[in-house]
Amino acid sequence: MKSYSHLWEQFVSDDNIKLAIANSSLGKRDRTDVKEIYENPDVFIPAIRAYAENFTNRPHVPKEIYDGISRKRRIILVPWYEEQIIHHMLVNCLKPIFLKGMYEHSYGSLPGKGVHSAKKRIERWISHDTRNVKYYLKLDIRKYFNTIPHDILKQMLQKRLHDERFLKVLFEVIDVTDVGIPIGFYTSQWLANWYLTGLDHYIKEELQAVYYVRYMDDMVVFGPNKRQLHKIKESIEAYLKNYLGLTLKDNWQIERFTYTDRNGNERGRDLDFMGFRFYRNRTVLRKTILIKASRKAMRIGRKAVVTIHDCRQMLSYIGWFGCTNTYKIYQQRIKPFVDMRILKKKVSRYDKTKRREECGTQVRIPIQQSRLPSTKAVSLASL
């Protein structure tokens, strides 16, 4: 296993700080604290570098949200903006290291490897190899983010990263909670994905799973018979317990995947995964997503003024309809209430206006003429 050193220099470099500012400011450049740093990154680089050298977590208030895809209520921590810059600086350094050894069919919160990429891959397996997609094992990890042991995670990172100053900042971010890693931190989604990389290779290379896909902590293994999948399940459970300090949920399933019998009747069980329901000859949306999209369309249809938030939310639902066999439902429940062309034009005009405002502001206030304090006086704590 290759190890990496001299990460600190890259971590606090001007280019990395500028990139972290640009990425962390996306979607919130109207905020005063964000706007000031985003429009004058060179002025704030010394202050951000000093903050990184003495980084400590700020107090956080847990917040409860509802995840519509997984149908769960989750507790998240929302980092302060200056913390978000540090998180992006860390991930910019970790990203190429983590991606290098990551399993090719690990999806979720990774560049170019989201829900729709995983869906296409599963559909390809289903259509091209009926023999090895006869049964499926579906399983996930119990309270994954909240139960990742810090000691094991840190040991794994220390084996790969040999830079004490860099690790000190990374460990400080990890230690914001006593156990587990917080949902809501940009670093968490990368650490969570990377933490299971060893399990991915174990399943493919040692357990010889023909088809295996993981979306964060949700896993699906296809196989030609139940006996093989039961053995794989037991081995995964043992690996999680012995090497990663994790446990499987009790709701794991081993099912015969859908097929058509001699009389033309559909038998077996579809695969409910990532918000989709996979069948042998089609893919549809999970019922709860259909209901939410339909209700959203009706609410928009009753509104006199449709907000940008409404437009974006409705268009995101349409992305789900567009890649599944649910066009008839779209025609019945969505199309009568909303005009997608109008929503797209409204979002497009809004985005163009925002880009012009940002570019115009940056041209009108060059860094040299900025009225912000001198670099010696700039402090993130003052924002």
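1. A contact here means heavy atoms within 4.5 Å. On that basis, residues 24 or more positions apart account for 71% of the contacts in the protein chain with a separation of 6 or more.

2. This is a predicted model, in which local features need pLDDT of at least 70, side-chain atom pairs count only at pLDDT 80 or more, and totals for chains, interfaces and linings use all residues. Residues are numbered from 1 along each chain as its sequence is written, and side-chain values use heavy atoms, with hydrogens and water left out.

3. The pLDDT is the predictor's confidence in each residue, from 0 to 100. The protein chain has a mean pLDDT of 89, with 91% of its residues at 70 or more. Residues 362-378 have a pLDDT below 50, and this stretch has 19 contacts in the model beyond near neighbours in sequence. Where pLDDT is low, the predicted coordinates should not be read in detail.

4. On the overall layout: the protein chain contains 16 helices and 14 strands. Helices (H or I, at least four residues) and strands (E, at least two) are DSSP runs, numbered from the N terminus. Along the principal axes, the C-alpha atoms fill a box of roughly 80 × 55 × 35 Å. Of the 383 residues in the protein chain, 47% are buried. Buried means under 20% relative accessible area, exposed means over 50%, and partly exposed lies in between (1.4 Å probe, protein chains only).

5. Five strands make an open sheet with mixed pairing, in the order 4-7-8-5-9. Two strands pair if DSSP finds at least two bridges between them. Strand 4 (106-107) and strand 9 (253-256) are the edge strands, each pairing on one side only. Strands of a sheet pair through backbone hydrogen bonds, either parallel or antiparallel.

6. Strand 8 deserves a paragraph of its own. Strand 5 (residues 135-140) pairs with strand 8 (residues 218-223) in the antiparallel sense over six bridges, and Leu137 stands opposite Val221 in strand 8. Strand 7 also pairs with strand 8 in the antiparallel sense, over five bridges. The bridge partner of Tyr215 in strand 8 is Asp218. Strand 7 and strand 8 form a hairpin with two residues between them, and Met216 in the turn has a positive phi of about 60°. Strand 8 is largely enclosed by the rest of the structure, because five of its six residues are buried.

7. Which helices go with this sheet? Helix 6 (residues 115-128) packs on the sheet and touches strand 4, strand 7 (211-215) and strand 8; the direction of helix 6 makes about 165° with that of strand 7. Helix 11 (residues 197-206) lies across strand 4, strand 7 and strand 8, and runs at about 165° to strand 7. Axes are lines fitted to C-alpha atoms, for helices over the stretch in contact, and angles run from 0 to 180 degrees between N-to-C directions.

8. Another open sheet has three strands in the order 12-13-14, with antiparallel pairing. Its edge strands, each pairing on one side only, are strand 12 (271-273) and strand 14 (283-285). From one strand to the next, the twist averages 25°. Strand 13 (residues 276-278) pairs with strand 14 in the antiparallel sense over three bridges, and the bridge partner of Phe276 in strand 14 is Leu285.

9. Two packed helices are described by the angle between their axes and the distance between the axes. Helix 8 (residues 150-160) packs with helix 10 (residues 186-195) at an angle of about 85°, their axes being 11 Å apart. That makes helix 8 roughly perpendicular to helix 10 (angles under 35 degrees count as roughly parallel, over 145 as roughly antiparallel, 65 to 115 as roughly perpendicular and the rest as oblique). From helix 8, Ile152, Leu153, Met156, Leu157 and Arg160 meet Leu191, Trp194 and Tyr195 of helix 10. By class, this contact has seven nonpolar, no polar and one charged residues. Here Ala, Val, Leu, Ile, Met, Phe, Trp, Tyr, Cys and Pro count as nonpolar, Asp, Glu, Lys and Arg as charged, and the others, Gly among them, as polar.

10. Is Thr326 buried or exposed? Thr326 sits in the loop between helix 14 (308-322) and helix 15 (327-333), and is buried, with a relative accessible area of 2%. Leaving aside neighbours within four places in sequence, Thr326 is in contact with Val284, Leu285, Leu290 and Phe321.

11. Leu19 belongs to helix 2 (residues 14-24) and counts as partly exposed, at 41% relative accessibility. Leu19 and Ile85 are 66 residues apart in sequence and, C-alpha to C-alpha, 9.2 Å apart in space.
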